[in-house]
Amino acid sequence: MKETFGVNKKGQTVSSFTIKNNNGMTASIIDFGATLTKLIVPDKTGAMRDVVLGYDDVESYENGACYFGTIIGRNANRICGGKVTLDGKTYQMDQNDNDNNLHSGNNGVDKKMWTALSDSDPSQVSFICKSNHLEQGLPGSVTMTVTYKITDDNELIVSYDAVSDMKTIINMTNHSYFNLNGHNSGSVENHLIQIEADYYNPVIDSKAIPTEENADVTGTVFDFRKPKAIGKDINADDIQLKYVGGYDHNYVIKGKSGELRRFATVVSEESGIVLELSSDLTGTQFYSGNFVGDQKGKGGYDYHNRSGFCLEPQYIPNAMNFIPEGSVDSPVFDADEQYHTQTIYKFSTK
Ligand code: GLA
(Lines give C-alpha, C1' and ligand atoms only; values in the text may rest on other atoms or scores of the structure.)
Protein backbone atom coordinates (compact mmCIF):
# COMPACT_ATOMS: atom_id res chain seq x y z
CA MET A 1 0.00 0.00 0.00
CA LYS A 2 1.41 3.39 -1.03
CA GLU A 3 0.63 6.58 0.90
CA THR A 4 2.05 10.10 0.96
CA PHE A 5 4.42 10.53 3.91
CA GLY A 6 5.35 14.19 3.38
CA VAL A 7 7.45 16.56 1.32
CA ASN A 8 11.22 16.96 1.58
CA LYS A 9 13.09 20.26 1.57
CA LYS A 10 13.62 20.02 -2.19
CA GLY A 11 9.82 19.92 -2.58
CA GLN A 12 9.71 16.27 -3.58
CA THR A 13 6.91 14.04 -2.34
CA VAL A 14 8.07 11.30 0.02
CA SER A 15 5.94 8.15 -0.15
CA SER A 16 5.49 5.37 2.37
CA PHE A 17 5.02 1.76 1.29
CA THR A 18 3.47 -0.75 3.68
CA ILE A 19 4.04 -4.45 3.10
CA LYS A 20 2.34 -7.29 4.98
CA ASN A 21 2.08 -11.03 5.45
CA ASN A 22 -0.96 -13.19 6.25
CA ASN A 23 -0.45 -12.97 10.05
CA GLY A 24 -0.91 -9.22 10.35
CA MET A 25 2.81 -8.37 10.52
CA THR A 26 3.54 -5.18 8.58
CA ALA A 27 6.53 -3.03 7.69
CA SER A 28 6.48 0.52 6.35
CA ILE A 29 9.33 1.92 4.32
CA ILE A 30 9.68 5.43 2.90
CA ASP A 31 11.54 6.24 -0.31
CA PHE A 32 13.66 8.85 1.53
CA GLY A 33 16.70 6.78 2.51
CA ALA A 34 14.75 3.55 1.81
CA THR A 35 14.08 3.90 5.52
CA LEU A 36 12.19 1.35 7.61
CA THR A 37 9.82 3.58 9.61
CA LYS A 38 7.52 0.99 11.24
CA LEU A 39 7.74 -2.71 11.95
CA ILE A 40 4.64 -4.11 13.60
CA VAL A 41 4.80 -7.61 15.07
CA PRO A 42 2.72 -9.66 17.54
CA ASP A 43 3.72 -9.95 21.21
CA LYS A 44 3.06 -12.96 23.46
CA THR A 45 -0.60 -11.94 23.96
CA GLY A 46 -1.17 -11.46 20.24
CA ALA A 47 -1.28 -7.65 20.57
CA MET A 48 0.71 -5.78 17.91
CA ARG A 49 3.75 -3.65 18.78
CA ASP A 50 5.85 -1.35 16.62
CA VAL A 51 9.40 -2.43 17.44
CA VAL A 52 11.53 0.16 15.58
CA LEU A 53 12.36 3.76 16.45
CA GLY A 54 11.48 6.45 13.93
CA TYR A 55 9.88 9.79 13.20
CA ASP A 56 6.48 10.89 11.94
CA ASP A 57 7.72 13.52 9.47
CA VAL A 58 10.24 13.93 6.66
CA GLU A 59 11.96 16.91 8.25
CA SER A 60 13.02 14.88 11.28
CA TYR A 61 14.48 12.21 8.98
CA GLU A 62 16.28 14.93 6.98
CA ASN A 63 17.75 16.52 10.12
CA GLY A 64 18.24 13.33 12.12
CA ALA A 65 21.78 12.22 12.91
CA CYS A 66 20.91 8.79 14.31
CA TYR A 67 20.12 6.95 11.04
CA PHE A 68 16.83 5.55 12.43
CA GLY A 69 15.90 2.68 10.08
CA THR A 70 17.88 4.00 7.12
CA ILE A 71 19.86 2.12 4.53
CA ILE A 72 23.56 2.93 4.81
CA GLY A 73 25.72 2.99 1.70
CA ARG A 74 27.96 2.77 -0.03
CA ASN A 75 29.96 2.12 3.10
CA ALA A 76 28.79 1.41 6.62
CA ASN A 77 30.86 2.26 9.73
CA ARG A 78 33.88 4.50 10.15
CA ILE A 79 36.88 5.03 7.90
CA CYS A 80 39.92 6.57 9.53
CA GLY A 81 40.57 10.06 8.14
CA GLY A 82 37.95 9.31 5.47
CA LYS A 83 40.79 8.01 3.27
CA VAL A 84 40.49 4.96 1.02
CA THR A 85 43.28 3.70 -1.22
CA LEU A 86 42.43 1.58 -4.25
CA ASP A 87 45.10 0.46 -6.74
CA GLY A 88 47.55 2.97 -5.24
CA LYS A 89 45.20 5.95 -5.60
CA THR A 90 43.86 7.62 -2.44
CA TYR A 91 40.29 8.89 -2.35
CA GLN A 92 39.10 11.39 0.25
CA MET A 93 35.62 10.95 1.71
CA ASP A 94 33.75 13.43 3.94
CA GLN A 95 35.11 13.81 7.45
CA ASN A 96 31.68 13.96 9.07
CA ASP A 97 32.52 12.32 12.40
CA ASN A 98 35.47 14.04 14.09
CA ASP A 99 38.10 13.69 11.37
CA ASN A 100 36.71 10.38 10.16
CA ASN A 101 34.05 9.23 7.75
CA LEU A 102 30.90 7.71 9.25
CA HIS A 103 28.32 5.84 7.19
CA SER A 104 29.55 7.40 3.90
CA GLY A 105 29.27 11.05 4.92
CA ASN A 106 26.97 13.88 3.89
CA ASN A 107 26.01 12.30 0.57
CA GLY A 108 25.16 8.94 2.09
CA VAL A 109 22.20 7.15 0.55
CA ASP A 110 20.39 7.51 3.90
CA LYS A 111 19.55 11.10 2.90
CA LYS A 112 18.77 10.47 -0.77
CA MET A 113 15.49 9.83 -2.51
CA TRP A 114 15.24 6.26 -3.76
CA THR A 115 12.85 5.18 -6.52
CA ALA A 116 10.32 2.52 -5.62
CA LEU A 117 9.93 -0.24 -8.19
CA SER A 118 6.35 -1.27 -8.79
CA ASP A 119 5.47 -4.65 -7.34
CA SER A 120 2.12 -6.41 -7.37
CA ASP A 121 3.16 -8.65 -4.43
CA PRO A 122 1.80 -7.02 -1.21
CA SER A 123 4.53 -8.69 0.85
CA GLN A 124 7.47 -6.89 -0.77
CA VAL A 125 8.81 -3.61 -2.09
CA SER A 126 12.08 -2.69 -3.81
CA PHE A 127 13.92 0.60 -4.11
CA ILE A 128 16.71 1.68 -6.42
CA CYS A 129 19.22 4.50 -6.01
CA LYS A 130 22.34 5.70 -7.83
CA SER A 131 25.40 7.10 -6.14
CA ASN A 132 27.47 8.93 -8.75
CA HIS A 133 31.22 8.78 -9.36
CA LEU A 134 33.05 10.71 -6.57
CA GLU A 135 29.74 11.89 -5.04
CA GLN A 136 30.91 10.42 -1.74
CA GLY A 137 34.58 10.73 -2.71
CA LEU A 138 34.69 7.11 -3.86
CA PRO A 139 35.21 6.09 -7.49
CA GLY A 140 32.53 4.65 -9.74
CA SER A 141 28.83 5.15 -10.24
CA VAL A 142 27.06 2.58 -8.11
CA THR A 143 23.49 1.43 -8.64
CA MET A 144 21.98 -0.03 -5.48
CA THR A 145 18.77 -1.98 -5.06
CA VAL A 146 17.22 -2.90 -1.73
CA THR A 147 14.23 -5.21 -1.34
CA TYR A 148 12.20 -5.54 1.84
CA LYS A 149 10.02 -8.66 2.06
CA ILE A 150 7.87 -10.13 4.83
CA THR A 151 7.25 -13.89 4.87
CA ASP A 152 4.46 -15.84 6.56
CA ASP A 153 7.11 -17.09 9.06
CA ASN A 154 7.20 -13.50 10.39
CA GLU A 155 10.58 -12.78 8.83
CA LEU A 156 11.58 -9.43 7.42
CA ILE A 157 14.13 -10.17 4.70
CA VAL A 158 16.25 -7.28 3.48
CA SER A 159 18.19 -8.03 0.28
CA TYR A 160 20.87 -5.74 -1.13
CA ASP A 161 22.22 -5.72 -4.67
CA ALA A 162 24.69 -3.26 -6.12
CA VAL A 163 27.00 -2.87 -9.06
CA SER A 164 29.61 -0.25 -9.92
CA ASP A 165 31.12 0.83 -13.25
CA MET A 166 34.60 1.12 -11.64
CA LYS A 167 36.43 -0.69 -8.88
CA THR A 168 35.11 0.64 -5.57
CA ILE A 169 33.98 -0.13 -2.01
CA ILE A 170 30.47 -1.49 -1.35
CA ASN A 171 29.39 -2.32 2.20
CA MET A 172 25.72 -1.63 2.91
CA THR A 173 23.52 -2.21 5.94
CA ASN A 174 20.26 -1.22 7.58
CA HIS A 175 20.48 0.96 10.68
CA SER A 176 17.21 0.12 12.49
CA TYR A 177 17.00 0.68 16.24
CA PHE A 178 14.91 -2.09 17.81
CA ASN A 179 12.98 -2.03 21.04
CA LEU A 180 11.14 -5.34 21.47
CA ASN A 181 8.74 -3.81 23.99
CA GLY A 182 7.71 -1.19 21.45
CA HIS A 183 9.49 1.92 20.22
CA ASN A 184 7.77 3.98 22.94
CA SER A 185 8.70 1.91 25.96
CA GLY A 186 11.98 3.24 27.29
CA SER A 187 15.30 1.52 27.72
CA VAL A 188 16.38 -1.74 26.06
CA GLU A 189 18.85 -2.51 28.86
CA ASN A 190 16.57 -5.30 30.09
CA HIS A 191 16.63 -7.12 26.72
CA LEU A 192 18.60 -10.37 26.68
CA ILE A 193 21.01 -10.54 23.78
CA GLN A 194 23.11 -13.37 22.43
CA ILE A 195 25.75 -12.80 19.75
CA GLU A 196 27.42 -15.69 17.94
CA ALA A 197 30.94 -14.28 18.12
CA ASP A 198 34.14 -15.27 19.92
CA TYR A 199 35.89 -12.04 18.91
CA TYR A 200 35.18 -8.34 18.63
CA ASN A 201 37.21 -5.41 17.30
CA PRO A 202 38.27 -2.94 20.01
CA VAL A 203 38.21 0.77 19.12
CA ILE A 204 41.29 2.99 19.20
CA ASP A 205 39.79 5.73 21.40
CA SER A 206 36.62 7.76 21.89
CA LYS A 207 36.49 8.56 18.15
CA ALA A 208 35.50 4.89 17.82
CA ILE A 209 37.71 3.87 14.90
CA PRO A 210 37.74 0.06 15.06
CA THR A 211 41.08 -1.74 15.06
CA GLU A 212 41.93 -4.84 13.05
CA GLU A 213 42.56 -6.74 16.27
CA ASN A 214 40.31 -9.73 16.92
CA ALA A 215 40.01 -9.54 20.71
CA ASP A 216 38.78 -12.65 22.50
CA VAL A 217 35.50 -11.95 24.33
CA THR A 218 36.19 -14.62 26.96
CA GLY A 219 36.07 -13.19 30.47
CA THR A 220 35.19 -9.68 29.24
CA VAL A 221 32.05 -7.52 29.27
CA PHE A 222 31.87 -8.19 25.51
CA ASP A 223 31.00 -11.88 25.94
CA PHE A 224 27.43 -12.37 24.70
CA ARG A 225 27.82 -16.00 23.66
CA LYS A 226 25.23 -16.85 26.31
CA PRO A 227 22.16 -14.60 26.60
CA LYS A 228 22.93 -11.58 28.77
CA ALA A 229 20.98 -8.40 29.51
CA ILE A 230 22.29 -5.49 27.43
CA GLY A 231 22.49 -3.43 30.63
CA LYS A 232 24.20 -6.02 32.83
CA ASP A 233 27.77 -4.82 32.32
CA ILE A 234 27.15 -1.65 30.31
CA ASN A 235 28.33 0.66 33.10
CA ALA A 236 31.31 -1.51 34.07
CA ASP A 237 34.69 0.10 34.54
CA ASP A 238 35.97 -1.00 31.13
CA ILE A 239 37.92 1.39 28.92
CA GLN A 240 36.31 0.09 25.70
CA LEU A 241 32.82 0.82 27.07
CA LYS A 242 33.92 4.19 28.44
CA TYR A 243 35.32 5.33 25.09
CA VAL A 244 31.93 5.09 23.37
CA GLY A 245 29.44 5.26 26.24
CA GLY A 246 28.40 1.60 26.06
CA TYR A 247 28.54 -0.97 23.27
CA ASP A 248 29.44 0.37 19.82
CA HIS A 249 31.72 -2.35 18.51
CA ASN A 250 31.99 -4.76 15.64
CA TYR A 251 31.67 -8.46 16.38
CA VAL A 252 33.24 -11.13 14.17
CA ILE A 253 30.43 -13.55 13.38
CA LYS A 254 31.22 -17.27 13.68
CA GLY A 255 30.80 -19.65 10.77
CA LYS A 256 31.29 -19.45 7.05
CA SER A 257 31.13 -16.03 5.38
CA GLY A 258 28.86 -16.02 2.37
CA GLU A 259 26.43 -18.45 4.01
CA LEU A 260 23.31 -17.27 5.78
CA ARG A 261 23.56 -18.07 9.48
CA ARG A 262 21.96 -16.82 12.65
CA PHE A 263 24.30 -14.37 14.33
CA ALA A 264 22.20 -12.90 17.15
CA THR A 265 19.07 -13.53 19.19
CA VAL A 266 17.37 -10.87 21.29
CA VAL A 267 14.54 -11.51 23.74
CA SER A 268 12.33 -9.26 25.80
CA GLU A 269 10.67 -11.12 28.67
CA GLU A 270 8.10 -8.32 29.07
CA SER A 271 6.60 -8.53 25.55
CA GLY A 272 7.76 -12.10 24.96
CA ILE A 273 9.03 -10.98 21.55
CA VAL A 274 12.07 -12.85 20.21
CA LEU A 275 14.16 -11.47 17.34
CA GLU A 276 16.62 -13.77 15.57
CA LEU A 277 18.97 -12.17 13.05
CA SER A 278 20.73 -13.98 10.23
CA SER A 279 23.23 -12.70 7.70
CA ASP A 280 25.76 -13.97 5.18
CA LEU A 281 28.36 -11.39 6.28
CA THR A 282 31.30 -11.55 8.68
CA GLY A 283 30.72 -8.55 10.89
CA THR A 284 27.97 -6.94 12.89
CA GLN A 285 28.15 -3.64 14.70
CA PHE A 286 26.40 -3.91 18.05
CA TYR A 287 25.38 -0.40 19.09
CA SER A 288 23.47 0.15 22.32
CA GLY A 289 22.00 3.52 21.30
CA ASN A 290 24.58 5.49 23.28
CA PHE A 291 24.13 8.77 21.40
CA VAL A 292 20.37 8.95 20.77
CA GLY A 293 20.15 11.95 23.10
CA ASP A 294 16.76 13.41 23.91
CA GLN A 295 14.44 13.71 20.94
CA LYS A 296 10.82 13.41 19.84
CA GLY A 297 10.02 10.21 18.06
CA LYS A 298 6.91 8.71 16.51
CA GLY A 299 3.62 9.59 18.18
CA GLY A 300 5.35 12.38 20.11
CA TYR A 301 7.15 9.89 22.36
CA ASP A 302 10.46 10.91 23.86
CA TYR A 303 13.47 8.83 22.91
CA HIS A 304 16.66 8.79 24.96
CA ASN A 305 20.00 7.02 25.02
CA ARG A 306 19.33 3.24 24.98
CA SER A 307 15.73 3.56 23.75
CA GLY A 308 16.80 1.12 21.04
CA PHE A 309 19.69 -1.14 20.04
CA CYS A 310 21.19 -1.73 16.60
CA LEU A 311 22.74 -4.84 15.11
CA GLU A 312 24.16 -3.80 11.75
CA PRO A 313 25.51 -6.64 9.60
CA GLN A 314 28.46 -5.52 7.45
CA TYR A 315 31.96 -6.39 6.35
CA ILE A 316 34.58 -6.13 9.07
CA PRO A 317 35.45 -2.42 9.40
CA ASN A 318 38.69 -1.55 7.54
CA ALA A 319 38.51 -4.88 5.69
CA MET A 320 39.54 -3.01 2.50
CA ASN A 321 42.94 -2.44 4.11
CA PHE A 322 43.77 -5.94 5.22
CA ILE A 323 41.52 -8.57 3.56
CA PRO A 324 42.73 -9.63 0.09
CA GLU A 325 40.56 -8.34 -2.76
CA GLY A 326 38.41 -11.06 -4.26
CA SER A 327 37.88 -12.71 -0.87
CA VAL A 328 34.28 -13.25 0.22
CA ASP A 329 35.12 -10.94 3.15
CA SER A 330 36.37 -8.05 1.01
CA PRO A 331 34.23 -4.93 0.41
CA VAL A 332 36.28 -4.09 -2.71
CA PHE A 333 34.27 -4.76 -5.87
CA ASP A 334 35.53 -4.65 -9.45
CA ALA A 335 33.62 -2.91 -12.22
CA ASP A 336 30.48 -4.93 -13.01
CA GLU A 337 31.05 -7.34 -10.12
CA GLN A 338 27.77 -8.07 -8.38
CA TYR A 339 27.38 -7.21 -4.70
CA HIS A 340 24.62 -9.22 -3.02
CA THR A 341 23.83 -9.75 0.64
CA GLN A 342 20.82 -10.53 2.80
CA THR A 343 19.75 -9.95 6.38
CA ILE A 344 16.82 -11.82 7.92
CA TYR A 345 15.01 -10.49 11.00
CA LYS A 346 12.79 -13.31 12.28
CA PHE A 347 10.16 -12.58 14.93
CA SER A 348 8.48 -15.10 17.24
CA THR A 349 7.20 -15.13 20.82
CA LYS A 350 7.93 -17.12 23.96
C1 GLA B 1 26.70 3.84 14.20
C2 GLA B 1 27.90 4.11 14.94
C3 GLA B 1 27.57 4.82 16.19
C4 GLA B 1 26.70 6.03 15.96
C5 GLA B 1 25.50 5.61 15.17
C6 GLA B 1 24.66 6.78 14.75
O7 GLA B 1 26.12 2.66 14.44
O8 GLA B 1 28.68 2.97 15.19
O9 GLA B 1 28.77 5.23 16.81
O10 GLA B 1 27.40 7.01 15.26
O11 GLA B 1 25.87 4.94 14.02
O12 GLA B 1 24.39 7.66 15.78
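C129 has a relative accessibility of 5%, so this cysteine counts as buried (buried means under 20% relative accessible area, exposed over 50% and partly exposed in between, with a 1.4 Å probe and protein chains only). Keep in mind that this is a predicted model, where local features need pLDDT of at least 70, side-chain atom pairs count only at pLDDT 80 or more, and totals for chains, interfaces and linings use all residues. Residues are numbered from 1 along each chain as its sequence is written, and side-chain values use heavy atoms, with hydrogens and water left out.

**Cysteines**

- A disulfide is a covalent bond between the sulfur atoms of two cysteines.
- How many disulfides does the count come to? The count is 0, where a disulfide is a pair of cysteine sulfur atoms within 2.5 Å.
- C310 shows why: the closest cysteine sulfur to its own belongs to C66 and is 8.6 Å away, too far for a bond.
- C310 is also buried, because its relative accessibility is 0%.

**The loop between β6 and β7**

- Both G73 and A76 sit in the loop between β6 (71-72) and β7 (78-79).
- Is G73 buried or exposed? G73 is buried, since its relative accessible area is 0%.
- Leaving out residues up to four places away in sequence, G73 touches S104, G108, V109, Q136 and M172 (contact means heavy atoms within 4.5 Å).
- G73 and V109 are 36 residues apart in sequence, while their C-alpha atoms are 5.6 Å apart in space.
- A76 has 2% relative accessibility, so it counts as buried too.
- With residues up to four places away in sequence again not counted, A76 touches H103, N171, T173 and Q314.
- From A76 to A215 there are 139 residues along the chain, and 21 Å separates their C-alpha atoms.

**The whole protein**

- The protein has 3 helices and 29 strands; these are DSSP runs numbered from the N terminus, with helices (H or I) of at least four residues and strands (E) of at least two.
- Its radius of gyration is 19 Å, close to the 20 Å that the globule rule gives for 350 residues, so the protein is as compact as a globular protein of that length. This radius is taken over C-alpha atoms, and the rule is 2.2 Å times the number of residues to the power 0.38.
- Along the principal axes, the C-alpha atoms fill a box of roughly 60 × 50 × 35 Å.
- Of the 350 residues, 60% are buried.
- Among contacts between residues at least 6 apart in sequence, 64% join residues at least 24 apart.
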